[in-house]
Amino acid sequence: MTHYYVYIMSSLLGTIYIGVTNNLQRRIYEHKQHFIKGFTDLYNCTELIYYEEYRNINEAIEREKQLKGWKRTKKETLIKRMNPKWDDLSNRF
């Protein structure tokens, strides 16, 4: 069964990026190695600070869109519930 992940990456300065993937381990690696040029590369968002797992891609995409529409303070509250210190969670993968 395929799993899908909505995830949030952060820079050391606190810039955040929200994405969706079907392979979180690979995607974290791509962010950390700066393989994909764009926002996360430009702002050095290499720390996995939050993620959610889904079994349905449509639900994951819908959640990603929802989170992207939130104000920063609401995103920070969500992150702090799972990860109060904003530690890099990538070692779980």
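Which residues form one aromatic cluster? Y7, Y17, F39 and Y43 do. The legends below cover this cluster and its surroundings.

This is a predicted model, in which local features need pLDDT of at least 70, side-chain atom pairs count only at pLDDT 80 or more, and totals for chains, interfaces and linings use all residues. Residues are numbered from 1 along each chain as its sequence is written, and side-chain values use heavy atoms, with hydrogens and water left out.

**View 1. Strands β1 and β2 form a hairpin.** Helices (H or I, at least four residues) and strands (E, at least two) are DSSP runs, numbered from the N terminus. Strands pair if DSSP finds at least two bridges between them. Here β1 (residues 4-10) and β2 (residues 16-21) run antiparallel, joined by six bridges. S10 stands opposite I16 in β2. Five residues lie between the two strands. In the turn, G14 has a positive phi of about 100°.

**View 2. Y7 and Y17 make a tilted ring pair.** Rings of Phe, Tyr and Trp (its six-membered ring) pair if their centres lie within 6.5 Å; planes under 30 degrees apart count as stacked, over 60 as edge-to-face and the rest as tilted. This rule gives four aromatic pairs. The ring centres of Y7 and Y17 are 6.2 Å apart, and their planes stand at 55°, so the pair is tilted. Y7 sits in strand β1 and Y17 in strand β2, 10 residues apart. Buried means under 20% relative accessible area, exposed over 50%, and partly exposed in between (1.4 Å probe, protein chains only). Y7 is buried, at 1% relative accessible area. Y17 is partly exposed, at 21%.

**View 3. The charged end of K74 sits over the ring of W70.** The distance to the ring centre is 4.4 Å. The criterion asks for NZ of Lys or CZ of Arg within 6 Å of the ring centre and within 35 degrees of the ring normal.

**View 4. V6 has among the most contacts inside the largest nonpolar core.** A nonpolar core is a set of buried Ala, Val, Leu, Ile, Met, Phe, Trp, Tyr and Cys residues joined through side-chain atoms within 4.5 Å. The largest has 13 residues, and I8 and L67 join V6 as those with the most contacts inside it. β1, β2, β3, α3 and α4 each supply at least two residues of this core. A second, separate core of nine residues includes M9, C45, L48 and Y51.

**View 5. E64 and Y54 both touch V6.** Contact means heavy atoms within 4.5 Å. E64, in helix α3 (residues 57-69), is buried at 11% relative accessible area. Beyond four places in sequence, E64 touches V6, I18, G19 and V20. Y54, in strand β3, is buried at 17%. C-alpha to C-alpha, Y54 and V6 are 8.0 Å apart in space, yet 48 residues apart in sequence. With neighbours within four places left aside, the contacts of Y54 include T2, H3, Y4, E59, A60 and R63.

**View 6. The buried residues of helix α4 line one face.** In α4 (residues 72-82), the buried residues are K75, L78 and I79. Seen down the helix axis, they fall within an arc of 95°, so they line one face. That arc is taken over the directions from the helix axis to the C-beta atoms. Their cover includes β1, β2, β3 (47-54) and α3. On the other side of α4, T73 and R81 are exposed.
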